[in-house]
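Hi there,

Here is the structure I promised to pass on. Have a look at it first, and then read my notes below.

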Amino acid sequence: MFIRTDEVEAAGAVVGEDEAFELPVVDRAKFLDPELSASETAKLGSACRDRGFFQLTSHGVDEAVIQRMKESATEFFSLPLESKNAIAFRQDNTFQGFGHQYNRRPGDKMDWGECVLLLTQPVQDRNMEPWPAIPPAFREALDNYSVEVTELARRLLGYMASDLGVSHEALLGAFFSGNAGKAQSVAIHRYPPCRHPEKVVGLTPHTDGLGLTVLLHVDDTPGLQVKRGGRWFPVRPLPGAFVINVGDILDVLTNGAYGSAEHRVMPNAEKGRTSVVIF
Ligand SMILES: O=C(O)CCC(=O)C(=O)O
Ligand SMILES: [Fe+2]
């Protein structure tokens, strides 16, 4: 059900440790400094053009909000399966709740992971039923986190508009139009350790469908890999940084100037990995 050795081999090689691949690091604090903002905007732009991925430091998101989000995610996944299944995906096509990584076609091999998928914004479209009730702090933690990341995404799109030479209103308006605000969803992933990590896939290769993706590493377990030139480059998460990537809609809106890069997750032999991903 999980063994996919041939598929993993056919998907391309993983580069060796010796091949340096650090994602570009963008420092949000520099955008606020008049002397540094132009060069940081150029750095952000080249990261989005060349890689479609970067790490963001000094992001300005409240550390206490991040901490509560991490704790809530960790606590939820440590519950017994019966408790998690209280919000199991239903057959109603909304794909909200808990289950195996995305719903795949019958007969497909499964990903080595579980996840919670929820619509987080706009608030008036939320259905609270699939939001975990345990741990009790979960709903508030995700609500606060979602608000912070909305603000961050708004700021990042503003810097991107400067890089692209388009008006902020034009780019922001594509995502934040009308009173409804920006649609936003979350995927919270848990990849358990696997003794044969080369035989399974934590998350099948894909590009992200939407605008911007903001990824929070809950722990320091590596696993995310980005495809470039037919090979997979493991991302080394920087402590305290977000991993940001360009999604398909931003790729299309910029006429391909910004690239939505293929990525996947491979499980770790010893340690589990948890991530909170906002789209
Ligand atoms: O867990 C990760 O590192 C990646 C998750 C991801 O790519 C996604 O949810 O689209
Ligand atoms: Fe993704």
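**What I found**

Phe279 sits in the segment that follows β12 (273-278); helices (H or I, at least four residues) and strands (E, at least two) are DSSP runs, numbered from the N terminus. With a relative accessibility of 12%, Phe279 counts as buried, where buried means under 20% relative accessible area, exposed over 50%, and partly exposed in between (1.4 Å probe, protein chains only).

Before the rest, a word on conventions. This is a predicted model, in which local features need pLDDT of at least 70 and side-chain atom pairs count only at pLDDT 80 or more, while totals for chains, interfaces and linings use all residues. Residues are numbered from 1 along each chain as its sequence is written, chains are lettered from A and ligands numbered from 1 in the order in which they are written, and side-chain values use heavy atoms, with hydrogens and water left out.

**The ligand**

Which residues come nearest to ligand 1? Of the 14 residues around ligand 1, they are His189, Tyr191, His206, Arg273 and Ser275; a residue is near a molecule or strand if one of its heavy atoms lies within 4 Å of it. An N or O atom in the side chain of His189 is 2.6 Å from an oxygen atom of the ligand.

Two packed helices are described by the angle between their axes and the distance between the axes. Here, helix α3 (residues 37-50) packs on helix α6 (residues 138-164) at an angle of about 90°, and their axes are 9 Å apart. Axes are lines fitted to C-alpha atoms, for helices over the stretch in contact, and angles run from 0 to 180 degrees between N-to-C directions. The helices α3 and α6 are therefore roughly perpendicular to each other (angles under 35 degrees count as roughly parallel, over 145 as roughly antiparallel, 65 to 115 as roughly perpendicular and the rest as oblique). On the α3 side the contact is made by Thr41, Leu44, Gly45, Cys48 and Arg49, and on the α6 side by Leu156, Tyr159, Met160, Ser162, Asp163 and Leu164; contact means heavy atoms within 4.5 Å. Sorted by class, the contact of α3 with α6 has six nonpolar, three polar and two charged residues. For these classes, Ala, Val, Leu, Ile, Met, Phe, Trp, Tyr, Cys and Pro count as nonpolar, Asp, Glu, Lys and Arg as charged, and the others, Gly among them, as polar.

Leu157 is also in helix α6. Is Leu157 buried or exposed? At 3% relative accessibility, Leu157 counts as buried. Setting aside neighbours within four places in sequence, Leu157 is in contact with Leu171, Leu172, Phe175, Phe176, Leu212 and Leu250.

Thr120 lies in strand β4, and its relative accessibility of 0% makes it buried. The side chains of Thr120 and Gln184 are joined by a polar contact of 2.7 Å. A polar contact is a pair of N or O atoms within 3.5 Å; within protein, one must be able to donate a hydrogen and the other to accept it, and residues adjacent in sequence count only if both atoms are side-chain atoms. Beyond four places in sequence, the residues that Thr120 contacts include Arg126, Trp131 and Leu142.

The loop between β4 (114-121) and α6 holds Pro122 and also Pro135. A cis peptide bond joins Gln121 to Pro122, with omega about -5°, and a cis bond also joins Ile134 to Pro135, where omega is about -5°.

**Other loops**

Asn268 lies in the loop between β11 (263-265) and β12. Its side chain reaches the backbone nitrogen of Glu270 at 2.9 Å and that of Lys271 at 3.0 Å.

Ser58, in the loop between β2 (53-57) and α4 (63-77), has a positive phi of about 45° although it is not a glycine. Ser58 is partly exposed, at 43% relative accessibility. Asn255, in the loop between α8 (248-253) and β11, has a positive phi near 55° and is exposed, with a relative accessible area of 75%.

Best wishes
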